[in-house]
Amino acid sequence: MVKQGLLVNYNLEDEELEIATSEGIKIVPEGLILSWETGNKTFRALFDFDNACLPKGKKYAQMLIDSNNAMLLKATDLKKRNPSYNEKLGIGDNNYRYMKSSRLLLLKNNRCEEVSGSDSKREKLFIDFFGNQRITKIIDEQKLDLKSEKDLIRLIEQESHNNL
């Protein structure tokens, strides 16, 4: 069932979906919503994945591409840092800081790999993951930058297209 127009908040700190209702903010129970779209981004629940490379406790990730050949997810992490105020020196501040980071995860069937490192390391990962030496040719022909999410998506699309 698709419901348009709901006011939904994705709480990164608690990894929860919150919906605004006439009675107030309600937390969506785990597993009730498997995916949702906001703007041009699609998010997917990770409840039904059982892979070691998925971050522990991570409930949702942004789906960058879902082809018949592989899925590329972007998992966002949020860390809370304590205030840095030093009372004796009278410097710093009393504010908590949130540090946001993300990681890319490549999934296919029951296999999961984190996409990280240099261009050559990423190229090797894609060759091993897809078992296809043509990856190097695709990267060279299309002048792909494997540090770019858009180019990673193009590479997966091209690999998927070649396997049809």
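Contact here means heavy atoms within 4.5 Å, and the model in these views is a predicted one.

**View 1**
Start with the overall layout: the chain has 3 helices and 9 strands. Walk along the sequence and you get β-β-β-β-β-β-β-β-β-α-α-α. With 164 residues, the globule rule would give a radius of gyration of 15 Å, but the chain comes in at 20 Å, well over that, so it is more spread out than a compact globule. The C-alpha trace spans about 60 × 50 × 30 Å along its principal axes. As for contacts between residues with a separation of 6 or more, 41% of them link residues 24 or more positions apart.

E16 sits in strand β2, which covers residues 16-21. Set aside the neighbours within four places in sequence, and E16 is in contact with N9, Y10, N11, I27 and K59. Take K59 from that list: E16 and K59 are 43 residues apart in sequence, yet their C-alpha atoms are 7.8 Å apart in space.

**View 1. The largest nonpolar core.**
This core has 21 residues, and those with the most contacts inside it are L72, L106, V115, F126, L155 and I156. Which elements give two or more residues to it? They are β6 (60-66), β8 (97-108), α1 (119-130), α2 (134-142) and α3 (149-162). Helix α1 supplies the largest share, 5 residues.

**View 2. Close-up on F126.**
F126 is among the residues with the most contacts inside the largest core. Leaving out its neighbours within four places in sequence, what does F126 touch? Its contacts are L106, V115, G131, I135, L152, L155 and I156.

Across the 164 residues of the chain, 37% count as buried. The chain exposes about 10,900 Å², with carbon and sulfur atoms supplying 46% of that area.

Technical notes. Residues numbered from 1 in each chain as written. Predicted model: local features only at pLDDT ≥ 70, side-chain atom pairs only at ≥ 80, totals over all residues. Heavy atoms only, no water. Core = buried A, V, L, I, M, F, W, Y, C linked by side-chain atoms within 4.5 Å. Buried < 20%, exposed > 50% of the residue type's maximum accessible area, 1.4 Å probe, protein only. Helix = DSSP H or I, 4+ residues; strand = E, 2+ residues; numbered from the N terminus. Rg over C-alpha atoms; globule rule 2.2 N^0.38 Å. Areas by Shrake-Rupley, 256 points an atom, 1.4 Å probe, with all protein chains shown as cover.
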